Amino acid sequence: MANSFLSIEKLTQRYPDGKGGEFTVFENASFGIEKGEFVCILGHSGCGKSTIMNILAGLSEPTEGVVKMDGYAISGPSLDRGVVFQNYSLLPWLTALKNVTFGVAARFPDWSKQKIEDHSIAFLDKVGLSGDAIHRKPSQLSGGMRQRVSIARAFANEPKLLLLDEPFGALDALTRGTIQEELLKVWSGTDQTVFMITHDIDEAILLADRILLMTNGPLARVAESVEITIPRPRVRTDIVEHPNYYAIRNHLVQFLGKRSAELAGQTSAEGETHAPETVLIEKTDHAADEQPLLQAVKT
Amino acid sequence: MERLSENRRAAIWSVVLLFVGLFVWEISISAQTVNTGELTEYELLTGAGTAKAGVPPPSEVVVKAWQELSNPFYDAGPNDKGIGIQIGYSIYRVLTGYFLAAIIAIPLGFLIGMSSVAYKALNPFIQVLRPISPLAWMPLALFIIQDSEASAIFVIFICSIWPMLLNTAFGVAGVREDWVNVARTHELGAFKTAFTVVLPAAAPTIVTGMRISIGIAWLVIVAAEMLVGGTGIGYYVWNEWNNLDLTSVIFSILMIGIVGMFLDAAFGLLQRRVAYVE
Ligand SMILES: Nc1ncnc2c1ncn2[C@@H]1O[C@H](COP(=O)(O)OP(=O)(O)OP(=O)(O)O)[C@@H](O)[C@H]1O
Ligand SMILES: [Mg+2]
């Protein structure tokens, strides 16, 4: 873990509780993320997901602990770590295109204006935005279109690490589905690492290589790391047929429904790191034994 | 009758009201001057009833306006300059004082808006200085600066600085943290952030302050020029009053209103340029 691409080491966050004392959101959280991995983090509201993400983004400082990327401790925000905020955070006085070129120009200051624009248009196109829509201001776009612009802005900068805080939280299920597919399309084929917060179990299974599960706060911890053993490319309608799908889904539902509360607030011995326990659900080996039978049925 | 658009109907009403107003004015004046024979002593003393001192009817004002506006820039000595020259002087003073104020108020407002320490340190001074009528500064300005022209400009400066300062500070302090975070995650420096994120985000509030300021400056210049004398539309009004030329007084009052309206409209235009919908 210590030599992962991104390694989170003994991260602790405390806030004053408003009564003179302080409360601990999470303590000694440690986990690693490999290069090119797509990791989702699931947990109940208030457990500290956004707090972790803001620390990874460099927008806030943890009370204790370090985050290392490529072996170096991060300090402050960086263009290497792109962020898609929950509320899109587009600049409302700029058009969709200008919002993207704003980022690209910051990332590649020596590019020509034309190159910046072409690059931005290409990324907007990848998330399904083209034509005159890209010349409109955010207020003239739908919620889904705004989030697409926000994703295009983050990916156009080609950061090493992408942080997404519930990017689809405010969208309806249909739009969410389309944008999830677009997100996978933009991400696949790059070696970019993605860390995404979500509330949606199905979304996490569709997108992630690995899902981190957090217990409830305060004193939350990253309790488990569930491998998503479903091969890519994944299509929403097909993955539900995969033998691992329901096993994984059940595990996640059980965790969020019951165990996240049972495990909550458990302090451990002083200084012990709370590394997540790896969970690997693999039903296909078993299925492979039955292969002849299955094939017999098919033919 | 087919229905006219709302704007059309409003415009027709405006014209109707204008003519009714002018008509009532004209009628009441001519009714007044009929009474000339039976004046009381008081009326004689205050000058009522004499052809020169009476309130002129609108027709006279229109004739006067035509004369003045057909040759606005003549200059026949210190007490006889065209209306264009007088207004020019006033606008020049207003804009000079106003821009000096803007140069100080906007950067200072940025500072106050960004730093709560600066805000708390400067707030007591602002709270005490702001309610002072700009004209109260006049004697002190005249004494220290020793120059009536510069004193008038100073008075404009001091009255236009507050709305711009407070609105800039308010606008800058209210910039959404998300937008500042966007700048931070793009590694923009302080200056780049100020110009590409904070300024456009706060621009509507800042321009509102600028619009309020220019309105106040135009109100104050008339009074200031009445005090310092010499040139300007304020002096012109006062001078014509001393000449008991009420036609010119009314005409110049109208001109003050019209110029003020254009100044305000210019900032209204700017306001629309920088507005955005969240
Ligand atoms: N600046 C702050 N000061 C004090 N407490 C804070 C601050 N920011 C967050 N918290 C607290 O820290 C805890 C974690 O907040 P956080 O926003 O990380 O939750 P979250 O997991 O992202 O929740 P959600 O899913 O609702 O977004 C909450 O209890 C919150 O009240
Ligand atoms: Mg959150």
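This is a predicted model: local features need pLDDT of at least 70, side-chain atom pairs count only at pLDDT 80 or more; totals for chains, interfaces and linings use all residues.
**Entry 1**

I began with the strands of chain A and found an open sheet of four, in the order E2-E1-E4-E5, with antiparallel pairing. Strand E2 (22–33) and strand E5 (72–73) stand at its edges with a single partner strand each, so one side of each is left without a neighbour in the sheet. I then looked up the pairing of strand E1 (residues 6–16) with E2(A), which is antiparallel and runs over eight bridges. Which residue of E2(A) is the bridge partner of A:Gln13? I find A:Phe26 in that position. Turning to what lies across these strands, I noted helix H1 (residues 49–57) of chain A, which lies across E1, E2 and strand E4 (64–69) and runs at about 120° to E1(A).

**Entry 1: the two domains of chain A**

The domain assignment divides chain A into domain 1, made of 6–80 + 162–297, and domain 2, made of 90–158. I looked up the separation of their centres, taken over C-alpha atoms, and it is 28 Å. The contact between them takes 15 residues of domain 1 of chain A and 15 residues of domain 2 of chain A. The area buried between these two domains of chain A comes to about 1300 Å², with carbon and sulfur atoms giving 69% of it. Of the area that domain 1 of chain A buries against domain 2 of chain A, 41% is supplied by A:Leu79, A:Glu182 and A:Val186, more than by any other three residues.

How many salt bridges are counted between domain 1 of chain A and domain 2 of chain A? I record two salt bridges there, along with four residue pairs in polar contact. Helix H5 (residues 173–187) of chain A gives the largest share, eight residues, of the side of domain 1 of chain A that touches domain 2 of chain A. I also noted that A:Glu182 forms a salt bridge with A:Arg148, in which the closest N and O atoms are 3.0 Å apart.

**Entry 2: the interface of chain B and chain A**

Last, I looked up the domain assignment of chain B, which gives domain 1 (1–55) and domain 2 (57–274). Their C-alpha centres lie 33 Å apart, and the contact takes eight residues from domain 1 of chain B and eight residues from domain 2 of chain B. The two domains of chain B bury about 680 Å² between them, 70% of it on carbon and sulfur atoms. Between domain 1 of chain B and domain 2 of chain B I count zero salt bridges and one residue pair in polar contact.

Terms used: Residues are numbered from 1 along each chain as its sequence is written. Chains are lettered from A and ligands numbered from 1 in the order in which they are written. Side-chain values use heavy atoms; hydrogens and water are left out. Two strands pair if DSSP finds at least two bridges between them. Helices (H or I, at least four residues) and strands (E, at least two) are DSSP runs, numbered from the N terminus. Contact means heavy atoms within 4.5 Å. Axes are lines fitted to C-alpha atoms, for helices over the stretch in contact, and angles run from 0 to 180 degrees between N-to-C directions. Domain bounds come from an automatic or database domain assignment. Buried area is the accessible area (1.4 Å probe) that two parts lose on being put together, summed over both. A salt bridge is a side-chain nitrogen of Lys or Arg within 4 Å of a carboxyl oxygen of Asp or Glu. A polar contact is a pair of N or O atoms within 3.5 Å; within protein, one must be able to donate a hydrogen and the other to accept it, and residues adjacent in sequence count only if both atoms are side-chain atoms.
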